[in-house]
Amino acid sequence: MSSTRRPRIWLAMFAAIAAAALAWVSAIFWLVSRQASRDESQHADAIVVFGAAEYAGHPSPIYRARLDHAYTLFKSGFAPLIITSGGAADDPNFTEGGANIFRTNRLHTCLAVSDGYHMFRVKRMLESEGVIAYASPRPDSRLTGHWQRTKVKLREVMSYTAWKLGF
């Protein structure tokens, strides 16, 4: 093989990898965007509230809004139980309010409460644990600026990709 063909092969391989990566990012970005605007609230075994920051034992405004939304769903009779969930701590296989509670109590469905732009990833993570998840984003989670929406959705694409890759 001549030395002039090697750079062309590497360039073609790089272009193919870049095109595949761009297609992946575009597809997941579209799925995140589509799911973010859907409220699938319906009766379920439990409501799972995904955590956000807390300050000295008090929920952040975002977490408070998620908790308030979950309480509204609970009071409306959508589910008899609210489970709060936090980070993974030392064991990356389970979260604080995670799949063990569902398995132990033979729960199968949940209303997932978080911000809209998290819902695609949240649903996929729950489904990977055998839980049928319905999205119920907190009502005021829509971001106003175009750049802000794009930025958080791209971050979700990266978070979802990292999760899929096992990170």
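Biologist: What makes the 14 residues of the largest nonpolar core a core?
Modeller: A nonpolar core is a set of buried Ala, Val, Leu, Ile, Met, Phe, Trp, Tyr and Cys residues joined through side-chain atoms within 4.5 Å. Buried means under 20% relative accessible area (1.4 Å probe, protein chains only). Val48, Phe50, Ile83, Phe102, Cys110, Ala112 and Leu126 touch the most other members. This is a predicted model: local features need pLDDT of at least 70, side-chain atom pairs count only at pLDDT 80 or more, and totals for chains, interfaces and linings use all residues. Numbering starts from 1 along each chain as its sequence is written, and side-chain values use heavy atoms, leaving out hydrogens and water.

Biologist: Which elements give two or more residues to this core?
Modeller: Strands S1 (46-50), S5 (109-113) and S6 (132-135) do, and so does helix H4 (119-128). Helices (H or I, at least four residues) and strands (E, at least two) are DSSP runs, numbered from the N terminus.

Biologist: Which residues does Cys110 touch?
Modeller: Contact means heavy atoms within 4.5 Å. Leaving out residues up to four places away in sequence, the partners of Cys110 include Ala44, Val48, Phe102 and Leu126.

Biologist: What do the buried residues of H4 pack against?
Modeller: They pack against H1, S1, S5, S6 and helix H5 (146-164). Among these buried residues are Met119, Phe120 and Leu126.

Biologist: Why is Trp10 called exposed?
Modeller: Exposed means over 50% relative accessible area. Trp10 has 59%, so Trp10 counts as exposed. Trp10 lies in helix H1 (residues 5-36).
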